[in-house]
Amino acid sequence: MIEYRNLRVALLGAGSVGAQVVSLLLQHGDELAQRSGAGLELVGVAVRDIDAPRSAEIPKHLLTTDAEALIVGADIVIELIGGLEPARSYILQALNSGADVITANKALLATHGPELFDAAEQVGAQLYYEAAVAAAIPIIRPLRDSLAGDRIRRIMGIVNGTTNFILDRMDTAGESLEAALKTATELGYAEADPTADIEGYDAAQKAAILASLAFHTNVPIGKVYREGITSVTLEQVDAARKAGYVVKLLAIAERLVDKETGTEGVSARVYPALVPRTHPLATVHAAKNAVFIEAEAAGDLMFYGAGAGGIETASAVLGDLVSAARRHVIGGPGLAESTDANLPILPISSVTTRYQISLSVVDQPGVLAAVATLFSTHGVSIETVEQTVAQPDPLTGEMAGMPGATLVIGTHEASESDLSATVLALGESSVVSSVTSVLRVEGSE
């Protein structure tokens with residue numbers, strides 16, 4: 001019988017993910033020892049309330065409210081309490097003691113990542129965070145290791161299950177955003193306070209992490225452009241379907257060149273966008289996540305799966321645990337995060353893409369020519385135009401709304417700065433009643 005060296009594992013937090021980590025670790029400890037070459041002894045689980053109900057049973061003798069004491073002497077610390085503090089302080093304590101740390105804390109990494117990675121490098125420890133982005137989907141390790149010899153051009157991902165569920169319900173079931181959010185809440189996909197999801201904060205944190213890793217550049221969360229889905233209407237989703245698109249909340253990180261300055265830099269952004277139904281991301285339904293990578297040598301790659309869930313996220317945490325244990329067995333310092341490229345973070349105005357703009361206009365001769373002139377004046381080229389005119393109710397003969405017409409204009413590629421100037425001019429035009437919708441088009445050939 002093989003005897004393994006023993007590694008002491010401390011777990012901070014026993015919520016939906018933490019409780020599943022304990023359950024799987026106790027259930028499959030022997031198999032994990034064989035895979036990692038070391039015994040994994042769970043020495044304790046730090047919680048705020050020992051008697052609180054949990055999604056999986058945890059032996060009472062493992063529970064403690066003294067996280068700092070638990071960290072002392074641990075070889076590997078798993079942080080699953082979330083939030084910025086005291087998570088940051090606990091991780092720094094663990095790293096400074098020489099322990100490796102595993103975390104699923106996207107908010108902490110997006111906010112304090114450089115400080116934590118620097119602390120790990122100073123003592124030769126390792127910080128693992130596969131579970132911080134897209135839960136069970138392996139994306140951190142492929143970017144950091146498998147594609148380390150390649151040059152990433154672009155990452156485009158659906159990285160928030162709640163918003164994807166909502167937008168998918170709007171598209172497939174015809175529900176309004178409010179109704180779809182209610183459904184998501186009832187099914188447990190949305191929190192009681194869904195702000196972090198529907199306003200794009202969660203996706204922005206993940207975009208910052210992916211951009212930093214892919215482009216070897218520190219991308220602060222404050223530099224990630226963010227729009228949520230709260231302004232997306234059922235009318236927009238219906239119009240997208242008729243035009244061959246689906247609306248998705250995308251996290252995008254790409255290497256690009258600012259056309260005005262010639263500066264190569266990194267763009268990281270989150271917003272709802274039109275995705276062609278022929279694109280692989282258009283087929284990501286319900287609460288699933290997917291990350292689409294465009295690499296110079298490897299070409300197009302897509303990683304798909306469960307982006308949330310206690311047991312699914314626990315799978316990624318245990319994968320990191322095996323990696324950490326193997327590192328302890330082999331010896332040597334942890335690998336430092338690479339940020340040597342140090343590329344500038346470009347503003348949203350540097351982005352170039354296609355757009356679809358919906359306008360409510362007066363119904364009179366010359367309107368289309370006037371609108372086309374505004375686009376041309378600001379350097380935005382029109383690709384398609386669809387016009388509909390308000391019709392009277394067939395039964396009453398009355399107009400359902402104000403008389404007028406709707407223009408849906410698709411553009412060729414244009415810069416955000418030119419598009420913004422165009423939209424501003426349209427809003428001030430006497431022939432335009434209102435700019436009812438502006439959506440970017442992503443994933444087109």
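Guide: With a 1 Å grid laid over the protein atoms alone, a pocket is an open set of points where a 1.4 Å probe fits, with protein on both sides within 12 Å along at least five of seven lines, and a lining residue has an atom within 4 Å of a point. Points join across faces, edges and corners, and the volume is the space filled by probe spheres set on them. You are looking at a predicted model, in which local features need pLDDT of at least 70 and side-chain atom pairs pLDDT 80 or more, while totals for chains, interfaces and linings use all residues. Numbering starts from 1 along each chain as its sequence is written, and side-chain values use heavy atoms, without hydrogens or water.

The second largest pocket has a volume of about 690 Å³. Its lining has 27 residues, and the closest to its centre are E235, A239, Q356, S358 and V408. Two or more lining residues come from each of α11 (234-242), β13 (352-361), β14 (382-389), β15 (405-411) and β17 (432-441); these labels are DSSP runs numbered from the N terminus, helices being H or I of at least four residues and strands E of at least two. Strand β13 gives the most to this lining, with 6 residues. By class, the lining has 10 nonpolar, 11 polar and 6 charged residues (nonpolar: Ala, Val, Leu, Ile, Met, Phe, Trp, Tyr, Cys and Pro; charged: Asp, Glu, Lys and Arg; polar: the others, Gly among them).

Now for the helices. Helix α1 (residues 16-27) packs with α12 at an angle of about 60°, with the axes 8 Å apart; axes are lines fitted to C-alpha atoms over the stretch in contact, and angles run from 0 to 180 degrees between N-to-C directions. That makes α1 oblique to α12, since under 35 degrees counts as roughly parallel, over 145 as roughly antiparallel, 65 to 115 as roughly perpendicular and the rest as oblique. S16, V17, Q20, V21, L24 and L25 of α1 make the contact with G310, I311, T313, A314, V317, L318 and L321 of α12, where contact means heavy atoms within 4.5 Å. Sorted by class, this contact has 9 nonpolar, 4 polar and no charged residues.

Helix α2 (residues 29-36) also meets α12 (residues 310-330): their axes come within 9 Å and cross at roughly 45°. That makes α2 oblique to α12. From α2, L32, R35 and S36 meet L318, V322, A325, R326 and V329 of α12. The classes here are 5 nonpolar, 1 polar and 2 charged residues.

A further pair is α13 (residues 367-377) with α14 (residues 416-428), whose axes come within 9 Å and cross at roughly 150°. V371, L374 and F375 of α13 meet T422, A425 and L426 of α14, a contact with 5 nonpolar, 1 polar and no charged residues.

Most residues other than glycine have a negative phi, and most peptide bonds are trans. The E85 to P86 bond, however, is cis, with omega near 10°, and P86 sits in the loop between β4 (76-79) and α4 (87-96). A134 has a positive phi, near 65°, in the loop between β6 (127-128) and α6 (140-146).
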